[in-house]
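Visitor: Please take me through this model one feature at a time, with the rule for reading each.

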Amino acid sequence: MSKLRLLFVKEKQASYISHLDLLRTFQRAFPRTELEIKHSQGYHPHPIISIVLPLPVGQSSECELLDFEVTQDTDGSGIVEHLNTGMPNGLRVLACYEAKRPVKELADLRAAVELEYDNGVPEGALAQLKELFARPSLVIQKRTKRKDLADVDIAPMIRRVELTEGEGMIRADVTVQAQNPGLNPQLLGKAIERYLPELTPDFIRVRRTAILDAEGKDFR
């Protein structure tokens, strides 16, 4: 029996596939690999596969990870080509290998965030946003697992924010805490809305670029 891990890209139209539909997409693709996926026990067995850090709908990523187990002994060779045959536009598997590192070693994620302004970037916005994200406390309202709103200080979950100004947007290269608890980079917009409402962007685009361990190295 082997535990394997996929590294895959999720972008374009695939960015709007929900977590559950993404799992179903891979479940339908696995038969092409001729592997026997390990299933759960009980009355309704289903393939045991899990996405390591589910991506919010509407965001893209070049570093998604999916774990699964097969009944055969294999190192994952040849699986990528089989899976990519017939994948939806925007989904592409980059690698398949043995899952040796436990998910608990995953610490941070890096993302490219674009803050878009329909009427151009407001004057002085870059300097004000740099000051904002350097504050020791940034309290926003965030929904809990029970769907209630609660005040949460996101500043301790922000590792790094580097801002540059472009045409009609401010780009942010950010690193945030990934789990226990994790921070969705899109919530940086909530901080702007609360503390600098006049600089609230018209649209926020997020692309996950790396998943990191505690040493800042790529988690694989």
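**Reading the model**

Guide: Nine nonpolar, six polar and two charged residues make up the lining of the largest pocket. Here Ala, Val, Leu, Ile, Met, Phe, Trp, Tyr, Cys and Pro count as nonpolar, Asp, Glu, Lys and Arg as charged, and the others, Gly among them, as polar. The model is predicted: local features need pLDDT of at least 70 and side-chain atom pairs pLDDT 80 or more, while totals for chains, interfaces and linings use all residues. Numbering starts from 1 along each chain as its sequence is written, and side-chain values use heavy atoms, without hydrogens and water.

Visitor: How much space lies in the largest pocket?

Guide: About 340 Å³. Of its 17 lining residues, Leu-53, Pro-54, Pro-56, Asn-184 and Arg-208 are the closest to the centre. A pocket is an open set of points on a 1 Å grid over the protein atoms alone, where a 1.4 Å probe fits, with protein on both sides within 12 Å along at least five of seven lines; lining residues have an atom within 4 Å of a point.

Visitor: How many helices and strands are there?

Guide: The protein has four helices and 10 strands. These are DSSP runs numbered from the N terminus: helices are H or I of at least four residues, strands E of at least two. The order from the N terminus is β-α-β-β-α-β-β-α-β-β-β-β-α-β.

Visitor: Which way do strands β6 and β7 run?

Guide: Strands pair if DSSP finds at least two bridges between them. β6 (residues 139-143) and β7 (residues 149-153) run antiparallel, joined by five bridges; Gln-141 has Asp-151 in β7 as its bridge partner. Five residues lie between the strands of this hairpin, where Lys-147 takes a positive phi near 75°.

Visitor: Is Ser-2 buried or exposed?

Guide: Buried means under 20% relative accessible area, exposed over 50%, partly exposed in between (1.4 Å probe, protein chains only). Ser-2, in strand β1 (residues 2-10), counts as buried because its relative accessibility is 9%. A polar atom of the Ser-2 side chain lies 3.1 Å from the backbone oxygen of Gln-72. Across the protein, 45% of the 220 residues count as buried.

Visitor: Which residues is Glu-116 in contact with?

Guide: Contact means heavy atoms within 4.5 Å. Leaving aside neighbours within four places in sequence, Glu-116 is in contact with Gly-168, Met-169, Pro-201, Asp-202, Phe-203 and Arg-205. Glu-116 belongs to strand β5 (residues 106-116) and is buried because its relative accessibility is 17%.

Note on methods
Polar contact = N/O pair within 3.5 Å; in protein donor to acceptor, adjacent residues only side chain to side chain. Points joined across faces, edges and corners; volume = space filled by probe spheres on them.
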